[in-house]
Amino acid sequence: LFRSAECSRGRGLPRAVMKPYGSFVEKAPLDGGAFVKRRSVNLIAVSINTFFPWVAFSLVFWVLSFSLRFEHPYIAATIVAIVSAAAALSGFAALRFRQRHGRGAHWYSYFAVAVLVSVVLGAALGTLNYRQSMLPTYNLLMDLKTYRDVNVGQAKGQQMMDAGSLTFSQGSGIDFSKALGFRNKDTYCVAPITNGQGNLPAYDFWAVGTNCCSGVSADFRCGQYNKVDARAGIRLLSDDQRPFYKLAVEQAEATYGIRAPHPLFFEWVEDPGDEIAKWRSGGYKFFVTGVMAHLGFSIASVTAAVLTFAQLD
């Protein structure tokens, strides 16, 4: 009779009581009548917490690294704002779930923190990649012009303010005898580019570099200065460095008795196209490396979370 009543009261009840998002517990009998907890991992929860933060990181990283940001900055900003809002919403949902269910909200909290950290990290690395590699590339290829066979004895700097890269005429090179360095924590080195036909009435084209000369003698060693076939330059795009190079040119004017009314600054190279391609390739490699590293970190973090949450519940 008691057994029948117990069976009646238990009829229709689920055999395993589901736990909150992430796992469930089922009691299994052992010898002697004791019970132990047998835990099953919710693969859906594990997959979500592994790949959703990674996707958020990759999306923000990509949007802030490449041409979408350069050509359509408002669209890029909107995408990042939407992903950031989703991260904030997941944090709010995790907080509400924790208030209602207590310890059962582990995976919700993990998801919120993982997405938030991924968005911030993706924004930081994307901005770094954009400024160091991709923005100079886009400026040189899309905004500025390429000039070939430029004779520095005839051309004036004011005529080529839109130059991104220059190939100078045959016989052009660096005049090492008029090199000079201006020191302000770093040493900003400059040397005029000449056409090999003696002194010029004005020196508007300068090869430059940082910490590649002593600053006390004409020992310019910047860029590809030692390549015999080098007679080209890539325009300096750093607004932070330009004032210091201009001060170095002013010192050279006073020291050597020359004129530089409209100085333009270039990194001395053999092949501008090859150097720009290297910058672009470096940006792509940085992106791929970051995406793969984040995926590995995400897998390791979720694995650690599974083991940790199993001890807490």
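Student: Which residues have the most contacts inside the largest nonpolar core?

Tutor: In soluble globular proteins, nonpolar side chains tend to be buried together. A nonpolar core is a set of buried Ala, Val, Leu, Ile, Met, Phe, Trp, Tyr and Cys residues joined through side-chain atoms within 4.5 Å. Buried means under 20% relative accessible area, exposed means over 50%, and partly exposed lies in between (1.4 Å probe, protein chains only). Here the largest core has 38 residues, and those with the most contacts inside it are Met 160, Leu 166, Phe 168, Phe 205, Trp 206 and Phe 220. Please note that this is a predicted model, in which local features need pLDDT of at least 70 and side-chain atom pairs count only at pLDDT 80 or more, while totals for chains, interfaces and linings use all residues. Residues are numbered from 1 along each chain as its sequence is written, and side-chain values use heavy atoms, with hydrogens and water left out.

Student: With which residues is Met 160 in contact, leaving aside its neighbours within four places in sequence?

Tutor: Contact means heavy atoms within 4.5 Å. With those neighbours left aside, Met 160 is in contact with Tyr 147, Val 150, Ala 155, Leu 166, Phe 205, Arg 235 and Leu 264. For the protein chain as a whole, among contacts between residues at least 6 apart in sequence, 65% join residues at least 24 apart.

Student: How many helices and strands does the protein chain have?

Tutor: The secondary structure comes to seven helices and eleven strands. Of the 313 residues of the chain, 41% count as buried.

Student: Where is Asn 139 placed, and is Asn 139 buried or exposed?

Tutor: Asn 139 has its place in helix 5 (residues 106-143). Its relative accessible area is 19%, so Asn 139 is buried. Leaving aside neighbours within four places in sequence, Asn 139 is in contact with Phe 70, Leu 144 and Leu 237. The C-alpha atoms of Asn 139 and Gly 164 are separated by 7.8 Å, although these residues are 25 apart along the chain.

Student: What is the volume of the largest pocket, and which residues lie nearest its centre?

Tutor: On a 1 Å grid over the protein atoms alone, a pocket is an open set of points with protein on both sides within 12 Å along at least five of seven lines, and lining residues have an atom within 4 Å of a point. The volume of the largest pocket is about 280 Å³, a volume being the space filled by probe spheres set on the points. The lining has 14 residues, of which Arg 235, Leu 236, Leu 237, Gln 241 and Glu 267 lie nearest the centre. Two or more lining residues come from each of strand 9, strand 10 (232-235) and strand 11, and strand 9 gives the most, with three.

Student: How many salt bridges does a search of the whole structure find?

Tutor: A salt bridge is a side-chain nitrogen of Lys or Arg within 4 Å of a carboxyl oxygen of Asp or Glu. The search finds seven. One of them joins Asp 219 and Arg 221 (3.3 Å, N to O); Asp 219 is buried at 19% relative accessibility, whereas Arg 221 is partly exposed at 42%. Another joins Asp 239 and Arg 242 (2.7 Å, N to O). Asp 274 also forms a salt bridge with Lys 278, and both lie in helix 7 (residues 272-312), four residues apart, about one turn of the helix. Asp 274, Glu 275 and Lys 278 are linked in a network of salt bridges.

Student: What is the phi of Asp 149 near?

Tutor: Most residues other than glycine have a negative phi. Asp 149 has a phi near 55°, a positive value in a residue other than glycine. Asp 149 lies in strand 4 (residues 145-150) and is exposed, with a relative accessible area of 55%.

Technical notes. 1 Å grid on protein atoms, 1.4 Å probe; cavity = no way out; pocket = protein on both sides within 12 Å on 5 of 7 lines; lining within 4 Å.
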